[in-house]
Amino acid sequence: MLMMNPRPGGTASTPSAPAFPVEARRKLTPCICRLAEGRRSDNVPRTMKKTLLLADFARDPAVDGWGIENPAEGTASAEWIRTGRSRIAARTGGWISPPFPVEAFNYYQLRFSSKAAGKTYWVANFFAADGRQLTADHYSSFDESAGWTEYVFCFRGREGASTARISFQPINGKERSVTDVGVAAVSRREAAEWADGVYGTIP
């Protein structure tokens with residue numbers, strides 16, 4: 001899986017891209033979209049057609065339907081922090097968003113800011129109309145950062161999906177904080193432009 005690694009507190013590292021023809025890059029775009037990799041938001045189109053999820057955690061996340069996921073063993077170490085920048089944080093277990101509507105094969109953009117002591121996963125979990133969780137999901141990781149770092153990812157609705165929920169799961173018990181979470185529907189073209197930007201950072 002391709003990894004985009006922005007420098008903490010700085011701008012994304014953008015190595016020179018190989019001199020591939022534009023047409024070849026376009027053929028690779030769907031593959032990159034399926035991987036749902038992330039990059040810093042500096043050069044990503046900001047047009048968001050329809051906001052489906054928005055959270056700055058200024059109030060109790062539970063009021064808005066956010067929940068805590070326990071780890072496989074033990075109890076989650078997760079909390080809502082209101083000092084400084086309001087955020088959700090965890091060392092074990094994780095947070096999961098309320099459900100939001102999705103359509104199969106449509107494109108979506110996820111944005112959030114994170115400050116993490118270690119690598120963390122985000123996951124898009126999909127559910128059928130009857131509430132049954134689908135086996136297939138989208139996920140990726142993002143690296144540790146000493147300061148707040150904004151990330152942008154794109155993913156595609158799974159076949160049979162009616163709703164989705166975003167979860168954040170720390171790895172190896174290292175604390176991470178997340179805030180300003182947003183999900184919006186985007187066009188295929190916008191997803192392709194985002195993927196081209198990701199491709200441009202590949203050495």
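I began with Trp122, which stands opposite Phe168 in strand S12, strands here being DSSP runs of E of at least two residues and helices runs of H or I of at least four, both numbered from the N terminus. I noted that this is a predicted model, in which local features need pLDDT of at least 70 and side-chain atom pairs count only at pLDDT 80 or more, while totals for chains, interfaces and linings use all residues. Residues are numbered from 1 along each chain as its sequence is written, and side-chain values use heavy atoms, with hydrogens and water left out.

**Strand S12**

I looked up which strands pair with S12, where pairing requires that DSSP finds at least two bridges between two strands. Strand S9 (residues 120-127) runs antiparallel to S12 and is joined to it by eight bridges. Strand S6 (residues 94-96) is also antiparallel to S12 (residues 163-170), with two bridges, and there Ile96 has Ser167 as its bridge partner. Strand S7 (residues 100-101) pairs with S12 in the antiparallel sense over two bridges, and Phe100 stands opposite Ala164.

**Aromatic rings**

I then went through the aromatic pairs, of which the structure holds 12; rings of Phe, Tyr and Trp (its six-membered ring) pair if their centres lie within 6.5 Å, and planes under 30 degrees apart count as stacked, over 60 as edge-to-face and the rest as tilted. The pair of Trp122 and Phe155 is tilted, because the ring centres are 6.0 Å apart and the planes stand at 45°. This pair links distant parts of the chain, since Trp122 is in strand S9 and Phe155 in strand S11 (residues 145-156), 33 residues apart. Trp122 is buried, with a relative accessible area of 0%, and Phe155 is buried at 1%, where buried means under 20%, exposed over 50% and partly exposed in between (1.4 Å probe, protein chains only). Ring pairs also join a cluster whose members include Trp122, Phe126, Phe155 and Phe168.

I checked Arg85 as well, and its charged end sits over the ring of Trp148, 4.8 Å from the ring centre; the criterion is NZ of Lys or CZ of Arg within 6 Å of the centre and within 35 degrees of the ring normal.

**Helix H2 and the whole chain**

Among the buried residues of H2 are Trp194 and Tyr199.

Overall, I recorded two helices and 13 strands, with 45% of the 203 residues buried.
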